[in-house]
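Reader: I would like to learn how to read a protein model, one feature at a time. Could you walk me through it?

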Amino acid sequence: MWPGTFSKASATLPKGGTALFALLALGGDIGCSGGPTLVGLISSHAGDNLKAGILAAIIFPILLFGGIVLCKKAQR
């Protein structure tokens, strides 16, 4: 999905330059570290139950889908 994200961001903000790509990389890094951290924390608090942590990880795609729906509504 990253190539598509870079293409869309470049088309939307043609003068974004290096800062645009740096912010995209930062967002990706936060997501890649935040997700597993959340799973680990929830699993630990649930008595080392990994299933509970994985269930908590479902929050990320739900939030992503909700954000897409809100962006579509805002464009109309």
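Reader: Let's start with Ala 46: how accessible does Ala 46 count as being?

Author: Accessibility is sorted into classes: buried means under 20% relative accessible area, exposed over 50%, and partly exposed in between, with a 1.4 Å probe and protein chains only. Ala 46 has 35% relative accessibility, so Ala 46 counts as partly exposed. Before we go on, this is a predicted model, where local features need pLDDT of at least 70 and side-chain atom pairs count only at pLDDT 80 or more, while totals for chains, interfaces and linings use all residues. Residues are numbered from 1 along each chain as its sequence is written, and side-chain values use heavy atoms, with hydrogens and water left out.

Reader: Where does Ala 46 lie?

Author: Helices (H or I, at least four residues) and strands (E, at least two) are DSSP runs, numbered from the N terminus. Ala 46 lies in the loop between α2 and α3, and α3 covers 50–57. From Ala 46 to Gly 16, 30 residues apart along the chain, the C-alpha separation is 43 Å.

Reader: Which other residue is found in the loop between α2 and α3?

Author: Asp 48 is found there. With a relative accessible area of 68%, Asp 48 is exposed. Look at its backbone too: phi of Asp 48 is near 60°, which is a positive value in a residue other than glycine.

Reader: Is Ser 43 buried or exposed?

Author: Ser 43 is buried, because its relative accessible area is 8%. You can find Ser 43 in helix α2, residues 17–45.

Reader: What is Ser 43 in contact with, leaving aside its neighbours within four places in sequence?

Author: Contact means heavy atoms within 4.5 Å. On that basis Ser 43 is in contact with Asp 48, Asn 49, Leu 50 and Gly 53.

Reader: Which residues form a nonpolar patch on the surface?

Author: Like charges are joined within 9 Å, and nonpolar side chains (Val, Leu, Ile, Met, Phe, Trp, Tyr) within 5 Å. Here Leu 23, Leu 26 and Ile 30 form the patch, with about 320 Å² of accessible area together. Such areas come from the Shrake-Rupley method with a 1.4 Å probe; for residues, only the protein chains shown count as cover. Ile 30 is found in helix α2 and counts as exposed at 54% relative accessibility.

Reader: How many helices and strands are there in the protein?

Author: There are four helices and zero strands, and the pattern along the sequence is α-α-α-α. The radius of gyration (taken over C-alpha atoms) is 16 Å, well over the 11 Å that the globule rule (2.2 Å times the number of residues to the power 0.38) gives for 76 residues, so the protein is more spread out than a compact globule. Its C-alpha atoms fill a box of roughly 50 × 30 × 15 Å along the principal axes.

Reader: What share of the 76 residues is buried?

Author: Buried residues make up 12% of them.

Terms used: Patches are made of residues with over 30% relative accessible area and no salt bridge: like charges are joined within 9 Å, nonpolar side chains (Val, Leu, Ile, Met, Phe, Trp, Tyr) within 5 Å. A salt bridge is a side-chain nitrogen of Lys or Arg within 4 Å of a carboxyl oxygen of Asp or Glu.
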